[in-house]
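This report looks at a surface feature and at a chain-to-chain interface. Please keep the sequence and the structure in view while reading.

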Amino acid sequence: MAPGTGKRVALFATCINDTMFPSTPKAVVAVLERLGCSVEFPTDQTCCGQMLTNTGYFKQALPTVKTYVKAFEQYDYIVGPSGSCVGAVRHQHPMLARHAGDEGLAKASEDVITRTYDFTEFLVDVLGVTDVGAYFPHRVTYHPTCHSVRVAKVGDRPMRLLEAVRGIDLRPLPYSDQCCGFGGTFSVKNPDVSVAMGADKAHHVMETGAEYLVTGDNACLMHIGGLLHRMNAGIRTIHLAEILAHTDAEVPA
Amino acid sequence: MTATIPRLTPAPPPGTFLGMPAFPRAAKEALENQQLRKNLRHVTQTIRAKRSTRAEEVENWEDLRTAGEQIKNRVGRHLDQYLLQAEKAMTEAGITVHWARDADEANRIIVEIARAKDTREIVKIKSMVTQEIDLNEALEEAGIAAWETDLAELIVQLGHDRPSHILVPAIHRNRSEVREIFREEMGLWGVPAPEDLSDDPPDLAGAARAHLREKFLRAKVAVSGGNFIVAETGSLVIVESEGNGRMCLTLPQTLISVVGIEKLVPTFEDLEVFLRLLPRSSTAERMNPYTSIWTGVTPGDGPQDLHVVLLDNGRTKVLADPVGREALRCIRCSACMNVCPVYERVGGHAYGSVYPGPIGAILTPMLRGLDSDVDKSLPFASTLCGACNDVCPVKIPISDILVHLRNKVVEKKTAKHPTVESTIFGGVGWVMAKGWHLALVEQFAGLAGKAMKKQSYIGPIPLPVAIAWTRSRDIPVPPEQSFRKWWAAREEEGK
Ligand code: SF4
């Protein structure tokens, strides 16, 4: 029996994936369904609100807390392909509700966040799998994004999942614990520092000789990828879920 | 300006911290300084690695951090009691205790003590707090020369410069620059450097030693900060590496210690926690070379006239903020800046304060208030990567406080009328409030994607905000179909 059999999962696509990188949530759907889960996409959902919260707009971020609770409260498993967004929901939503003096919402949020998982946590901890049957015959280097490590605390789960992918040639990334410099609105409020940090990250990625840079967060990938593309580095960026979705049947071009 | 009156000590660079440009501009300038970036990368990466070794080898490191956090929280909760207890204990031990509400009061007190001693110069131990109150310049104006005796602080002072790191204040200088500074400046203010001074570190240290010795032996008054005051016993504690501190603490007849009111620990036993946390977190040593602890006057031994100035200067204001108060636990170890990727690239000067790096980005605007451009920009001088939170020996949630202060900046800026940014974010708030709002916007993104079908990336876009991103980074073209639309189509098919 597939490990996900009987598990009803709500997909938290996140706004950036929904709008800019739909192939990532599609990949999540593919992997989860392959493992036997039944996936739903509550259409009321929007965003974790961290772009607003982290820029200081607490009031404007509050509706995202309400929307999240409303969209997901009836589910036992809420899964998002972003350590950063999942981390923001878990770490900031109750704070935002309390800041607005809404204790009821804070309580509701505290309840729903206990059922909110990063994609890699759900696979490893809930479904108990690291080998999801993926095949990806390429040179790949993994950057553990700051929020996935330090806020969502996904630990080595992404690495364990990648190591189980058949055909993969995993290259260790030097200085992988260093921030890439994206930082949400930091990237436009402090563009010079952001790019200086990103350039170092891009160089370290190039040193590995990888064809693909993989992370669990498309926002960071958009920043590093934007630099790599401007440099004509010939390195593509890819979300972890998309590697896990690939099987022998569908090798990427 | 007092340009015509000859100075007693090397003049600091012109301008004030508060007059400095906001962080993004100061940072851009710093990024162009290659020497600075090279030194910073080298020093921060070396010390970063050493610190984690020193932390990891302590089996109960996490418990120690928790203990440090809790002890300091207790001090904050009962600060009034501990301060009075400390005052009583210090007074009984023969120390004269002074209270200073702000920098002006503290400087006035110190100048008065020095004048009463009829001295024209004082020697100083490296201290953050006396930089915070700009004591050296206050003394200069009062006709008293203040000499920095820490090697790096001496380099900074003789170089007409400002410190750029709490622990390694001259991190932005290389050794040939130091040699030049010593050769040109030492002779103007005391014992000159030898004619044939090389840029070998032992030679440079030798020149500094000879230069400083004269001052140590002559000075009648010394000024120090303080790492800790034990409330129970009234003991003062200073932790240092070079021994210059020990000279200042023992040779002059009068010692004035300026200490922030948050520097208390309740009992002598509590020191044990901090004397383990601090050296490992700061210099990555198991134990720092010199730890001086003194409890009042010992007749016939060391300074016979001891003063302590307890300084508020904004600290009670910080304590009143339930989120921000956690920053008062800081023991100034500098681990947060050593690990900070932003600090590593721009250095200390860009932060426009004596407190740089992550702790500076939260503490400075709280102490000074969110009024100047630089103070309003500091909470945004971080990617929120969180590396600082993990190394802080007293577990200050720096990222959370940064976000909290960002909210305060926004509320302050938009209190009277909306700004361009708040209008944009108001729009973003609307989009993200409801699923169908987001779906609507995705229609437009999809249209843009359709129009640019042939491309996968966009280059520089000459519009505000967009150019900040696209000057150095390409941006992907939005897909024609959002995930939401794809899902709806799939559901439709499935039916
Ligand atoms: S905030 Fe923490 S890490 Fe930074 S200097 Fe203070 S005690 Fe050290």
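## Surface patch and interface

In this predicted model, Trp430(B), Trp436(B), Leu440(B), Val441(B), Phe444(B) and Leu447(B) make a nonpolar surface patch of about 660 Å². Patch residues have over 30% relative accessible area (Shrake-Rupley method, 1.4 Å probe) and no salt bridge, nonpolar side chains being joined within 5 Å. Helix α21 of chain B (residues 435-451) gives the most to this patch, with five residues, and Phe444(B) lies in that helix; helices are DSSP runs (H or I, at least four residues).

| Item | Value |
|---|---|
| Area buried | about 5600 Å² |
| Salt bridges | seven |
| Residue pairs in polar contact | 31 |

Buried area is the accessible area that two parts lose on being put together, summed over both, and carbon and sulfur atoms give 61% of the value here. A salt bridge needs a side-chain nitrogen of Lys or Arg within 4 Å of a carboxyl oxygen of Asp or Glu; one joins Asp390(B) and Arg150(A), whose closest N and O atoms are 3.6 Å apart. A polar contact is a pair of N or O atoms within 3.5 Å, where one must be able to donate a hydrogen and the other to accept it. Helix α11 of chain A (residues 191-207) supplies the largest share of the side of chain A that touches chain B, eight residues.

Residues are numbered from 1 along each chain, and chains are lettered from A in the order in which they are written. Local features need pLDDT of at least 70 and side-chain atom pairs pLDDT 80 or more, while side-chain values use heavy atoms.

Methods. Buried area = accessible area lost by both parts, 1.4 Å probe. Polar contact = N/O pair within 3.5 Å; in protein donor to acceptor, adjacent residues only side chain to side chain. Helix = DSSP H or I, 4+ residues; strand = E, 2+ residues; numbered from the N terminus. Patch = residues over 30% accessible without salt bridge, like charges linked within 9 Å, V, L, I, M, F, W, Y side chains within 5 Å.
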